[in-house]
Amino acid sequence: MKRAIVRVVGALVLLAALVYAGDYLLVRFKIPKSREPFSSVTIQPYYAIHQKNGKTEFDYAQPQTQVCVQSLFPHFGYDPCWYVKRHTDKRIDI
């Protein structure tokens with residue numbers, strides 16, 4: 001039984017490594033050639049200013065453009081676009 005669990009865990013780790021490597025190669029070598037590996041998303045940052053009386057004041061800043069990568073996992077220091085598109089508000093605590 002222990003041997004079967006070790007094999008299943010090993011297979012899952014190998015599968016995850018193959019998926020990550022394939023995802024990296026698709027982005028690195030622009031496969032397919034017609035697809036751009038990078039995109040940009042507009043982010044709305046806002047400041048959460050904590051006051052002495054326990055309340056919080058919110059001030060909105062100018063929208064910013066954030067570069068993202070068209071992949072399943074983060075690559076080259078950029079978050080994947082599917083994640084960035086779901087998190088368009090950026091809270092900055094002061």
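Where is the place of Ser71? I found Ser71 in the loop between strand E3 (64-69) and helix H2 (81-84), helices (H or I, at least four residues) and strands (E, at least two) being DSSP runs numbered from the N terminus.

Ground rules. I am working on a predicted model, in which local features need pLDDT of at least 70 and side-chain atom pairs count only at pLDDT 80 or more, while totals for chains, interfaces and linings use all residues. Residues are numbered from 1 along each chain as its sequence is written, and side-chain values use heavy atoms, with hydrogens and water left out.

Ser71. Not counting residues up to four places away in sequence, I listed Asp23, Val27, Pro80 and Trp82 as touching Ser71, where contact means heavy atoms within 4.5 Å. I also noted that a polar atom of the Ser71 side chain lies 2.6 Å from the backbone oxygen of Phe73.

Salt bridge. I counted one salt bridge, by the rule that a side-chain nitrogen of Lys or Arg lies within 4 Å of a carboxyl oxygen of Asp or Glu. The side chains of Arg91 and Asp93 form it, at 2.8 Å from N to O, and Arg91 is partly exposed, with a relative accessible area of 41%.

Core. Which residues make up the largest nonpolar core? I found five residues, Val41, Ile43, Cys68, Cys81 and Val84, the term meaning buried Ala, Val, Leu, Ile, Met, Phe, Trp, Tyr and Cys residues joined through side-chain atoms within 4.5 Å. Strand E1 (38-50) and H2 each supply at least two residues of this core. For Val84, leaving aside neighbours within four places in sequence, I listed contacts with Val41, Ile43, Gln66, Cys68 and Asp79.

Surface. I then turned to a nonpolar patch with about 870 Å² of accessible area together, whose residues include Tyr20, Phe29, Val67 and Tyr78; members of a nonpolar patch have over 30% relative accessible area, no salt bridge, and side chains joined within 5 Å. Helix H1 (residues 2-28) gives the largest share of the patch, four residues. Val67 is placed in strand E3 and is partly exposed, at 35% relative accessible area.

Tyr83. I placed Tyr83 in helix H2 and found it partly exposed, at 36%. Tyr83 and Leu12 are 71 residues apart in sequence and 23 Å apart in space, C-alpha to C-alpha.

Key:
A polar contact is a pair of N or O atoms within 3.5 Å; within protein, one must be able to donate a hydrogen and the other to accept it, and residues adjacent in sequence count only if both atoms are side-chain atoms. Buried means under 20% relative accessible area, exposed over 50%, partly exposed in between (1.4 Å probe, protein chains only). Patches are made of residues with over 30% relative accessible area and no salt bridge: like charges are joined within 9 Å, nonpolar side chains (Val, Leu, Ile, Met, Phe, Trp, Tyr) within 5 Å. Accessible areas come from the Shrake-Rupley method with a 1.4 Å probe; for residues, only the protein chains shown count as cover.
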